[in-house]
Amino acid sequence: MRKTLIVAALALLAIADATQARTLEATSNIIVRAFGRSIDFTSDTTTSIRDSKIVMAAKEDAASYVASGGEYRGVQLEAALQTLRADLPQARQADDQQLAEAILAL
């Protein structure tokens, strides 16, 4: 009886672990797809953005901006937002939150 309970408990743990992994993967896919729809950059544009030192330096500020609900606006984030809007027509239509999330996704 005891072995049966142990085996059943282990089976439930394995099922729960697999379910949690699938849920995490599904959530990640939803976020990636939403990001792709919100700002439709081409691969060449994305590569040039990743090469931008100004944008890459703003990752920490972007994280603080997103975490604070838009209350924290660091100087590096401000410079990156200006750079993105100056270089990319698609970025001009995006709000600051979307661009900060895009910077974090790079």
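Q: Which residues does Leu84 touch, leaving out those up to four places away in sequence?
A: Leu84 touches Ile49, Val55, Ala91, Leu99 and Ile103 (contact means heavy atoms within 4.5 Å). This is a predicted model, where local features need pLDDT of at least 70 and side-chain atom pairs pLDDT 80 or more, while totals for chains, interfaces and linings use all residues. Numbering starts from 1 along each chain as its sequence is written, and side-chain values use heavy atoms, without hydrogens and water.

Q: How many residues are in the largest nonpolar core?
A: It has 16 residues, and Leu84 is among those with the most contacts inside it, including Ile49 and Leu77. (Such a core is buried Ala, Val, Leu, Ile, Met, Phe, Trp, Tyr and Cys joined through side-chain atoms within 4.5 Å.)

Q: Which helix gives the largest share?
A: α5, with four residues (helices are DSSP runs of H or I, at least four residues, numbered from the N terminus).

Q: New topic: how many salt bridges are there?
A: Three in the whole structure (Lys or Arg side-chain nitrogen within 4 Å of an Asp or Glu carboxyl oxygen). Arg73, Glu78, Arg85 and Asp96 are linked in a network of them.

Q: What does Arg73 pair with?
A: Glu78, with the closest N and O atoms 2.6 Å apart, and Asp96, at 2.8 Å. Arg73 sits in the loop between α4 and α5 and Asp96 in α7, so this pair ties together parts 23 residues apart in sequence.

Q: Is Asp96 buried or exposed?
A: Buried, at 19% relative accessible area (buried is under 20%, exposed over 50%, partly exposed in between, 1.4 Å probe, protein chains only). Its partner Arg85 is partly exposed at 24%.

Notes:
Helices (H or I, at least four residues) and strands (E, at least two) are DSSP runs, numbered from the N terminus.
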